Amino acid sequence: MAEHSFHLKADWPGGRNSVGNIEAGNLKTDISIPPEMNGPGIGTNPDEMLLGAAATCYIITLAAKLERAGITPAEMTLESEGIVEVNDKGVITYKTIIHRPYVKSEAGHQKKIERYMEQSEESCMISRALKGNVDIRLEKKFESL
């Protein structure tokens, strides 16, 4: 069994509304609390990063499954939405991620592609890590050439 280790370094200069930064391999960015949560909104934030991790894992997994099946889409995109709830006691919970994959390919591949869209959500390591804590949904769209 292989294990891979990833590292992140964070610098945070002070209180809640400060702006810090993170470095993890090719990821280098400022971080702060988003404006939706009364923060400065500079750089990225944990909500966007979790959504980004889930979305990139999903689309890369889908691409790999299509490649292994010998399917080369004419176009493939993904829009993802993260829904965060703040209850009346101020408890913040990441509730839902909705992936909206779009694939344009030959009509004969539609059933396979839709099956791979579903399997990709189930087999993506980020989706598996979030399972039981965040509801992950798919809104698939296929278009024939």
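Trainee: How many disulfides does the structure hold?
Mentor: The model is a predicted one. A disulfide is a covalent bond between the sulfur atoms of two cysteines. In this structure the number of such links is one.

Trainee: Which residues does the disulfide join?
Mentor: A pair of cysteine sulfur atoms counts as a disulfide within 2.5 Å. Here the S to S distance is 2.2 Å. The residues joined are Cys 57 and Cys 124.

Trainee: How many residues apart in sequence are the parts that Cys 57 and Cys 124 tie together?
Mentor: Cys 57 belongs to helix 1, residues 46–68. Cys 124 sits in the loop between helix 2 (110–123) and helix 3 (125–130). The pair therefore ties together parts whose separation in sequence is 67 residues.

Trainee: Is the link of Cys 57 and Cys 124 right-handed or left-handed?
Mentor: The angle about the S-S bond is 135°. With that value, the link of Cys 57 and Cys 124 is right-handed.

Trainee: Are Cys 57 and Cys 124 buried or exposed?
Mentor: Buried means under 20% relative accessible area, and 28% of the 145 residues of the protein count as such. Both Cys 57 and Cys 124 are buried.

Trainee: What pattern does the protein follow along the sequence?
Mentor: The protein has three helices and seven strands. Read along the sequence, their pattern is β-β-β-α-β-β-α-α-β-β.

Trainee: What percentage of contacts between residues at least 6 apart in sequence join residues at least 24 apart?
Mentor: A contact here requires heavy atoms within 4.5 Å. Among contacts between residues at least 6 apart in sequence, the share joining residues at least 24 apart is 47%.

Note on methods
Residues are numbered from 1 along each chain as its sequence is written. This is a predicted model: local features need pLDDT of at least 70, side-chain atom pairs count only at pLDDT 80 or more; totals for chains, interfaces and linings use all residues. Side-chain values use heavy atoms; hydrogens and water are left out. Helices (H or I, at least four residues) and strands (E, at least two) are DSSP runs, numbered from the N terminus. Buried means under 20% relative accessible area, exposed over 50%, partly exposed in between (1.4 Å probe, protein chains only).
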